[in-house]
Amino acid sequence: MDSLMDNYALYSFEKLQLLQPHTNPKGIFKKGLEYFIQCSNLDVKPINSNRTSIFEVFDKEICVLGCKIVLVSSVPDEAIQMTTRTLEQISNLYGNPLNIIDFNKQLALLLPIKFPRLWIDFNHDTQNWEAKVERSLSEGELNVLENKLSLLCGYETSLTCTIDLNLKFEHKFHDTLSISISKHSSLNYSKSLFRKWEEDEQFWSDNKANLFHNDKNPETEDQKVQRANCLINGKYGEAHNIRNYLTLFNEIQIVIPIETSYDKLLYSLNITEEELVKLVEMNRVKLIFPHSIERYKKSLLENVVDINPQGILLSRELAFNTVSDLKRRNPIVFLPSNNEEKQQILSDMIRLSIDIKNINEKMWLYGFIEELSITWSNMHESLSVRGANGTFNLGLGPTINNLINKYTGKNYLVEIMAASQSIEWAAANNAVLCPVGPLANNEINLAYLYSGVRKDWNLDIVTSPNIATEGILTIANYVSVLELAESFNGREIEQFRQLLVNMTNNNSPEEINNTINEFNQSVKSYERNVKRLNTWDVKGITLDTAIDLTNTAVPFAGFITKQLGRVLNHAGEKNDSIGNIIQQVNSKIHRTNPNVILVSGMRHKIKDLL
């Protein structure tokens with residue numbers, strides 16, 4: 001029991017470091033069954049809370065229930081200082097206070113794929129761990145289980161096992177955004193789908209350490225294979241005729257809605273499920289499933305994974321791709337290596353905000369501190385439990401909203417939260433974003449800021465693309481979608497892709513028009529109907545690659561560090577930790593620029609072009 005409470009105390013201390021950093025926690029100490037957090041500033045006003053007392057905030061919002069721990073300015077005699085958790089332990093949730101469902105999920109992710117199914121529970125009467133297993137365990141399997149259980153608990157454990165041939169898994173109070181575990185599923189899925197599900201879990205377990213413990217940036221834009229990909233977020237069951245995407249892009253990535261909206265998506269794409277599966281087989285379509293598998297149509301998943309397992313992307317791999325891209329796009333979140341460094345940076349920023357005279361700058365910095373504080377505090381647990389649905393606070397959305405809100409009074413949080421997933425998923429998968437449905441305008445506006453901002457940006461949230469190419473012909477509904485997919489898969493698409501990538505630097509208006517005319521001739525030769533009502537409008541929101549040479553645009557993270565530096569200079573302060581984070585972010589940005597997010601959208605009923 002002492003070991004369990006030790007972990008609860010350490011968890012509470014780490015939360016205090018990040019959520020109330022200006023209390024300046026010096027360490028955590030233990031005497032008997034009591035714990036003491038020594039702080040040098042206990043009379044400060046709390047952040048991230050409406051409460052007025054640090055003690056009340058700690059007791060009601062931070063401290064783990066049942067843990068006898070207090071905040072003190074001086075430590076009692078004979079109290080022994082405790083060793084805090086490592087970054088690896090924190091990122092793997094070792095010692096975190098988890099409910100029994102999340103605990104079993106995280107344990108399942110630590111065990112090998114072929115390990116027998118089981119359910120762990122803690123017997124409070126005997127103070128022992130108990131496991132129900134579907135078959136008896138070998139000595140080696142038992143050692144593996146006890147080792148992984150001890151890692152997750154944060155202390156050495158032992159357990160007793162009983163065989164349960166009718167093993168059932170608890171799902172009460174299940175978070176709707178939480179990602180289910182393959183070993184806990186009671187649904188009768190095909191073997192190939194279960195295999196894909198297990199591979200997605202194993203991919204996350206094998207690779208997540210590099211996201212948080214490796215300071216190197218993921219592959220750069222130049223290292224990525226340049227393909228004409230697009231992403232459609234069909235979460236609301238809305239899209240455009242898929243034939244128009246097929247003429248412009250090699251691969252169409254579609255975020256599939258949950259089962260209740262799936263038929264609506266097929267109708268808007270003007271396609272049957274059989275045709276959709278065939279397009280996946282042809283490698284023209286990839287299906288993305290950010291939620292738990294059981295929320296989607298079973299027949300679609302099973303048919304696709306049988307034909308082309310690489311044609312679907314599940315939540316945990318999507319989360320990995322998204323975080324990899326955000327390490328370039330929002331490096332501030334990923335710079336410090338441990339809680340002490342993060343606490344020092346946040347504390348220094350709070351101290352700086354007190355000295356700022358300009359009210360807007362003071363409010364902006366204060367809001368930025370709160371957002372960064374919450375992100376650092378919750379990021380590992382959110383990603384581990386929610387997969388791709390847990391990436392929002394790691395992105396630029398909260399930072400963008402805070403900046404605009406504090407300087408203009410306008411709050412776009414709801415719009416940004418809804419639209420940011422589409423943008424981040426498109427960027428993570430090297431795809432052009434094709435906004436659809438009720439979020440289309442928000443996605444277009446926000447993508448501009450994700451890609452980069454002008455040096456003279458005046459905090460407007462209006463799209464400012466470098467170029468809009470209009471008059472690209474669309475395809476009528478009656479055209480065979482499979483024949484079209486076979487015909488438009490080569491030179492025309494690659495040529496148009498190059499136009500999008502290079503439009504700001506290498507193409508004159510004449511060259512652009514010539515490319516569009518040539519592309520339209522391909523469409524004309526394929527389509528018999530000369531009556532045109534629709535055209536495709538491609539807006540390239542681009543960031544100049546040589547930022548230091550052109551001095552025209554900066555990644556948004558660079559804009560934030562510029563704001564920090566300006567505030568620091570105005571306050572007349574010299575602060576090593578803030579100056580260091582500015583240098584590190586700028587260094588990463590200039591070494592590896594974030595990839596451009598391109599946006600394409602349909603324009604309806606413009607004119608008869610032919």
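Helices (H or I, at least four residues) and strands (E, at least two) are DSSP runs, numbered from the N terminus. By that rule D102 sits in helix α4. The model is predicted: local features need pLDDT of at least 70, side-chain atom pairs count only at pLDDT 80 or more, and totals for chains, interfaces and linings use all residues. Residues are numbered from 1 along each chain as its sequence is written, and side-chain values use heavy atoms, with hydrogens and water left out.

The protein chain has 22 helices and 17 strands. Of its 610 residues, 56% count as buried; buried means under 20% relative accessible area, exposed over 50%, and partly exposed in between (1.4 Å probe, protein chains only).

Return to D102. D102 is buried yet has no salt bridge. A salt bridge is a side-chain nitrogen of Lys or Arg within 4 Å of a carboxyl oxygen of Asp or Glu. For charge, Lys and Arg count as positive and Asp and Glu as negative; His and the chain ends are not counted. The nearest side chain of opposite charge to D102 is K105, 4.3 Å away. Leaving aside neighbours within four places in sequence, D102 is in contact (heavy atoms within 4.5 Å) with S178 and V385.

Now the aromatics. The structure holds 9 aromatic pairs. Rings of Phe, Tyr and Trp (its six-membered ring) pair if their centres lie within 6.5 Å; planes under 30 degrees apart count as stacked, over 60 as edge-to-face and the rest as tilted. F103 and W129 are stacked, 4.9 Å centre to centre with 10° between the planes. F103 lies in helix α4 (residues 100-110) and W129 in strand β6 (residues 128-133), so the pair ties together parts that are 26 residues apart in sequence. Both F103 and W129 are buried. Together with F122, they form one aromatic cluster.

Along β6, W129, A131 and V133 point to one face and are buried.

Strand β6 has partners. Two strands pair if DSSP finds at least two bridges between them. Strand β5 (residues 118-123) pairs with β6 in the antiparallel sense over 6 bridges. N123 stands opposite N128 in β6. The hairpin of β5 and β6 has 4 residues between the strands, and there Q127 takes a positive phi near 60°. Strand β7 (residues 159-163) runs parallel to β6, joined by 5 bridges. W129 has L159 as its bridge partner in β7.
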